[in-house]
Amino acid sequence: MDLIIGHYNYWLVIIIMMAGFYTVISRGNLIKKIVGLNIFQVSVFILYISIGNVKDGAVPIIEKGVTLYSNPLPHVLILTAIVVGVATTALGLALVIRIKEAYGTIEEDEIHNQDQSL
Amino acid sequence: MIENHLSLLIVVLPLLTAPILAALPNGRMPWTISTLVSWAVFAMACMQLINVSTGNVISYELGGWAPPWGIEYRIDVVNALVALIVSGIAAVTLPYALKSVEKEIPQHQHSLFYAAFMLCFTGLLGITLTGDIFNLFVFLEISSLSSYALISLGKKRQALTASYQYLIMGTIGATFFIIGVGLLYAMTGTLNMMDLSQRLPELYEHRTIHTAFAFIMVGFALKLALFPLHLWLPNAYTYAPTVVTIFLAATATKVAVYVMLRVVFSVFGITFIEDTPADELFMILCVVGILMMSFYAIYQHDSKRLLAYSSVAQIGYMMLGIGIGSALGVTATLVHVFNHALMKGALFMAIGAIVYQVGSSRLEHMSGLGKQMPWTFAAIVIGGLSLIGVPGTAGFISKWYLILAAIEKQHWLIVVVILAGSLLAVIYVWKLVEVLYFKPVNETGQNTPSQNISIKEAPLMLLIPTWVLVIANVYFGFNTELTVGTAEQAVKLLLPDVN
């Protein structure tokens, strides 16, 4: 029982990760794929933030009387990863706009059919 | 003074150039600056390799923060060699870019194109030189994001879908990689690669470490297009602008192979790998990949796509060396990384010269052009011979070492597969030669963008960089001091126990 409740954040990570990953693979809509990709990345953010938690540790700001702090490094790392995620999403959405202009659709199978019929 | 900061300057110079280029007006200026920068970086990479060629290691502390807390740039023979490949290819691709980009990319995007190119260049150099595994991820994303943008600039609309497909698969790969890095950090509390390699041995039995290893391997297998995770590559190489195809084909996958080498041998260590099924798995995937992708290449109707499938097969040869895991195998991998960059660079440049004249890379539009473009045709023949692995070309050297490594470990099946792969390469290279030389010229001009009969030899600006690489292919087929010599030095660092 402790394996499930004690590590509930990790279970959450796995569920979100699989949900996102499944969306990327199974959906044919290009926007939905990017949404899936985002959910997938967010799960990794939660994973990193969970790693940084130190049991009974305080917020990592120097203060009198506090000796045990949470590890701030994973949080900093994940700030970088969030920026990368935003850039990826922006670029992906820009590509979807261009695809919509070129093909008139954002459904993967319709795009595939158009390329095949040429 | 400058010499002390050489390791960082190689990465920072193109990084700082990129925003300047983006702000410049379109014209010759962005091209001139980026070419000069690439030459400067190439010169610095040469100096760097000379500095470390005796086997010593340069450790550069970023901002003066001592490792393992600060980010460390750690340069030894292995990554100095890869940095030399990346900068060398950039230094010959950019002169080629002037004409090719003028034709393939709209005028108003030129300065942005070169800015994105410089960012991609920065990212690839950063991946090779950094000694910090999270920093590696950041550079990986810099190079990936800029290459998605570069690929999408292709003329046909399929370039957009190819770029989108690469974006999805590349991001999944990179995310897998950071999951692995996160798990490693959770277990060891460090991100510095040297520090990791010291702390990992006592944790070898731990399941989290095995999971982390699996995530990192799958993530980078996606990035380097290891069969069967190669699906993004053929489309991306076919529809990207010629210059982008040349640059990515010759550098991006090579850098990913370098990361594999670094992670497998420097971070985890060969004893760990031998306990996991990873090495056998690599060998099986490579063997299947080499054969299947070479067959696929034979049946292509587009010259760039043919070479792209051949690239996936060649990546199989590189990973085969890692799978074998002996000193000879890793030597073969490093030498093939170098040689394949030369041969694929030369071949894509020659095909690019034809695309420049004809406006299409489809084989039926190229028939008979060999007689009208003799220099381009000769470049394709020599590059093709090198791809097959004919003695006297660079390709022979790497295949020779790979076969020696396979024989040493008595993997007879692999020897057969390498030879069979070379025979298949003969077929697909012959297909190019046949179309270019023995098919009659397409006189009617039906379905062709321009009438073939009036096509002349490509301009010198395209031929000179092509021939620089072609001559390098022949030169490194005879003089193996730089390639094999450096690779053997590198193996001493990567596999200290074996020697």
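This is a predicted model: local features need pLDDT of at least 70, side-chain atom pairs count only at pLDDT 80 or more; totals for chains, interfaces and linings use all residues.
Residues are numbered from 1 along each chain as its sequence is written, chains are lettered from A in the order in which they are written, and side-chain values use heavy atoms, with hydrogens and water left out.

Now back up along H6(B) itself. This helix covers residues 158-188 and reaches 44 Å from its first C-alpha to its last, close to the 45 Å expected at 1.5 Å a residue (the expected span is 1.5 Å times one less than the number of residues). Of its 31 residues, 28 are buried, so H6(B) is largely enclosed by the rest of the structure; buried means under 20% relative accessible area with a 1.4 Å probe, protein chains only.

What about the nonpolar core? The largest one has 227 residues, and B:Phe113, B:Met260 and B:Phe265 are among those with the most contacts inside it. Such a core is a set of buried Ala, Val, Leu, Ile, Met, Phe, Trp, Tyr and Cys residues joined through side-chain atoms within 4.5 Å. Helix H14 of chain B (residues 327-358) gives the most to this core, with 21 residues.

Terms used
Buried means under 20% relative accessible area, exposed over 50%, partly exposed in between (1.4 Å probe, protein chains only). Helices (H or I, at least four residues) and strands (E, at least two) are DSSP runs, numbered from the N terminus.
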